[in-house]
Amino acid sequence: MSDMPQLDLVTVEIANRVATLTLNNAAKRNALSRALLDALIAGLKGLDLRDVRAVILRAAPGLSVWSAGHDIKELPRGHEDPLGYSDPLERALRAIRELPVPVIAMVHGTVWGGAFDLVLSCDMIVADETASFAITPVNLGLPYNTTGLLHFIGRLPMNLIKEMFFTATPLKAEAAERWHVVNHLVPSAELESFTRALAEGMTTKAPMAVAVIKEQLRVLADYQPIAAQVFERIQDMRRQVYESADFQEGINAFLEKRKAVFQGI
Ligand code: LCV
């Protein structure tokens, strides 16, 4: 497999100091494969930040699915942390959170699993009435990672986090606005113009001040002291889950296009 990112999976356009990165794999519902995520990371890291002062992350126009989340076919089949530090999704989340310019997720369509973590890792979310958001590890028997949970804890109320994780039910647009998951909910006809205006409005602000405030907010929000022994206990619990028969069942059920039946083992 070539190391060169397949840049057609993510297109980059720059206008008026705003870079628009578009997820462009409709056939696979923008599933977050290694290839697509490498292209996303390359697109972000390739930006010349002397010219770009804001980023919009979107799906190709007209798709009913913004992203189907982590490419399930690429999840390790047990005996390896499915969301480890070097996982392409985790690298992409860090690339967005560490980019020294604001990143706006513009959402038309449904967002699934790790794509919700991706959207929440953006600095702002603008969505339309077709948007919904679901986090789905319990559909796969997958033990979400601790850093990922911290992203949710820093952003959403605990009772909403628990309902979304324990039911895997999509949160529809109006509820997403009510819970402040999204910054703005606008009619789909206005989604692009509204998001572009928000992005362009930030391009005239002092870029060094924006960059340092974004980095301060990241390190302060991510700071969560945890004792080494507690972290090791959690990792051991997670290992038992990703080595479980239920995790195999979750992935197999998806691949065989059937409903998973979990035995708790
Ligand atoms: C690989 C896919 C995927 C996909 N991977 O179209 O959150 S966590 O912890 O669980 C994390 C690990 C994570 O993000 O896991 C993934 C969570 N994602 C999901 O559970 C969504 C899975 N996908 C779906 O439920 C459906 O595909 C939706 C509702 C998104 C779209 O349904 P639709 O009927 O429009 P298909 O299901 O027919 O999918 C079209 C093609 O995309 C592939 C799918 O296998 C199919 O490929 P083939 O044409 O080769 O059969 N695809 C969809 N999602 N996450 N591949």
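Let me begin with a term: a residue is called buried under 20% relative accessible area, exposed over 50%, and partly exposed in between, with a 1.4 Å probe and only the protein chains counted. What you see above is a predicted model, in which local features need pLDDT of at least 70 and side-chain atom pairs count only at pLDDT 80 or more, while totals for chains, interfaces and linings use all residues. Residues are numbered from 1 along each chain as its sequence is written, and side-chain values use heavy atoms, with hydrogens and water left out.

I start with the overall fold. The protein has 11 helices and 10 strands, where helices (H or I, at least four residues) and strands (E, at least two) are DSSP runs numbered from the N terminus. Its C-alpha atoms fill a box of roughly 55 × 45 × 40 Å along the principal axes. The radius of gyration is 18 Å, which agrees with the value near 18 Å that a compact globule of 265 residues would have; this radius is taken over C-alpha atoms, and the globule rule is 2.2 Å times the number of residues to the power 0.38. Of the 265 residues, 48% are buried. If we take contacts (heavy atoms within 4.5 Å) between residues at least 6 apart in sequence, 71% of them join residues at least 24 apart.

Now to the ligand. It is surrounded by 22 residues, the closest being K28, A68, H70, I72 and G114, and a residue is included if one of its heavy atoms lies within 4 Å. By class this shell holds 12 nonpolar, 5 polar and 5 charged residues; here Ala, Val, Leu, Ile, Met, Phe, Trp, Tyr, Cys and Pro count as nonpolar, Asp, Glu, Lys and Arg as charged, and the others, Gly among them, as polar. Oxygen atoms of the ligand lie 2.7 Å from a polar backbone atom of G114, 2.9 Å from a polar side-chain atom of R29, and 3.3 Å from an N or O atom in the side chain of T136. The protein covers 73% of the 1000 Å² of accessible area that the ligand has on its own, with areas from the Shrake-Rupley method and a 1.4 Å probe, and, for residues, only the protein chains shown counting as cover.

N16, with phi near 50 degrees, sits in the loop between β1 (10-15) and β2 (18-23), and N16 is exposed, at a relative accessible area of 55%. A168 has phi near 60 degrees and belongs to the loop between α6 (158-167) and β9 (171-172), but A168 is buried, at 7% relative accessibility.

Next, how accessible is K214? This lysine, in helix α9 (residues 207-222), is buried, with a relative accessible area of 9%. Its side chain reaches the backbone oxygen of I96 at 3.0 Å, and, leaving aside residues up to four places away in sequence, K214 touches I96, R97, L99, V101, P102, V103 and D123.

I finish with helix α11 (residues 245-255), where D246, F247, E249, G250, I251 and A253 are buried. The cover over these buried residues includes α4 (137-140) and α10 (228-242). After α11 comes K257, which has a positive phi near 55 degrees.

Methods
A polar contact is a pair of N or O atoms within 3.5 Å; within protein, one must be able to donate a hydrogen and the other to accept it, and residues adjacent in sequence count only if both atoms are side-chain atoms.
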